[in-house]
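Please examine the aromatic side chains in the structure shown here. The numbered points that follow may be read alongside it.

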Amino acid sequence: MSLDKVTVAKRYSKALFELLASNDQLDAAYEDLKQLRKVFLDNPQLGSALTDSSLVLAKREALVKPLLDSTDGTIHNLVQMVYDYGRMDAMVEIIDQFEKLYDEHNQTVYADVTTAVALNDAQLDAIKSGYAKRVGAKQVVLTSKVDTSIIGGVIIRSAGTILDGSIKTKIHRLRQTLLV
């Protein structure tokens, strides 16, 4: 029975995270993993090529060699192990799962902010700081977008939670209240 990529990614990333945390190497390794993920995202067929048993072993080894040469320590060992076990097609998912653990450890939260007009840096910083306090995060990474249909106010979406303080929603609620 073969495990799905998400299950594999969670197992590998958890083990990697625990090992790196115990050796106080999280930050440096995270930077290496982001570079490794970029290689896989820039070359979308790389993971499947390195996992494809129909590809001659020498060609697969030639493809993995630059990855091994560009990494060292624990990340080098991770690449070698994932390659040896034929799971290179799950490398991006492994790194994504590691990033979730890393962000949780560092109390980093990602949020999408929607407003009716573009916000300046001071306004974005105020939203970051207020949201960080609300959710107990040390850092909030915002992605901002403008949607004039909300009329005014702010909508924040993060980790499946929506905080909707838009005028459009307030008008809609008022309308529903009046129609009842």
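1. Tyr 102 has a relative accessible area of 11%. Because this value is under 20%, Tyr 102 is classed as buried. The model under review is predicted, and every value in this note is to be read accordingly.

2. Tyr 102 takes part in a ring pair with Phe 98, with the centres 6.4 Å apart and 20° between the planes. The planes are under 30 degrees apart, so the arrangement counts as stacked. Both residues belong to helix H6, where they are 4 residues apart, or about one helical turn. Phe 98 has a relative accessibility of 0% and is therefore counted as buried.

3. How many aromatic pairs does the model contain? The count comes to 4. One of them joins Tyr 30 and Tyr 102, which are stacked with 4.1 Å from centre to centre and an angle of 20° between the planes. This pair connects distant parts of the chain, since Tyr 30 lies in helix H2 (residues 26–42) and Tyr 102 in helix H6 (residues 91–105), 72 residues apart.

4. Is Tyr 30 buried or exposed? Its relative accessible area is 7%, so Tyr 30 is buried.

5. Ring pairs join Phe 17, Tyr 30, Phe 98 and Tyr 102 into a cluster.

Conventions
Residues are numbered from 1 along each chain as its sequence is written. This is a predicted model: local features need pLDDT of at least 70, side-chain atom pairs count only at pLDDT 80 or more; totals for chains, interfaces and linings use all residues. Side-chain values use heavy atoms; hydrogens and water are left out. Rings of Phe, Tyr and Trp (its six-membered ring) pair if their centres lie within 6.5 Å; planes under 30 degrees apart count as stacked, over 60 as edge-to-face and the rest as tilted. Helices (H or I, at least four residues) and strands (E, at least two) are DSSP runs, numbered from the N terminus. Buried means under 20% relative accessible area, exposed over 50%, partly exposed in between (1.4 Å probe, protein chains only).
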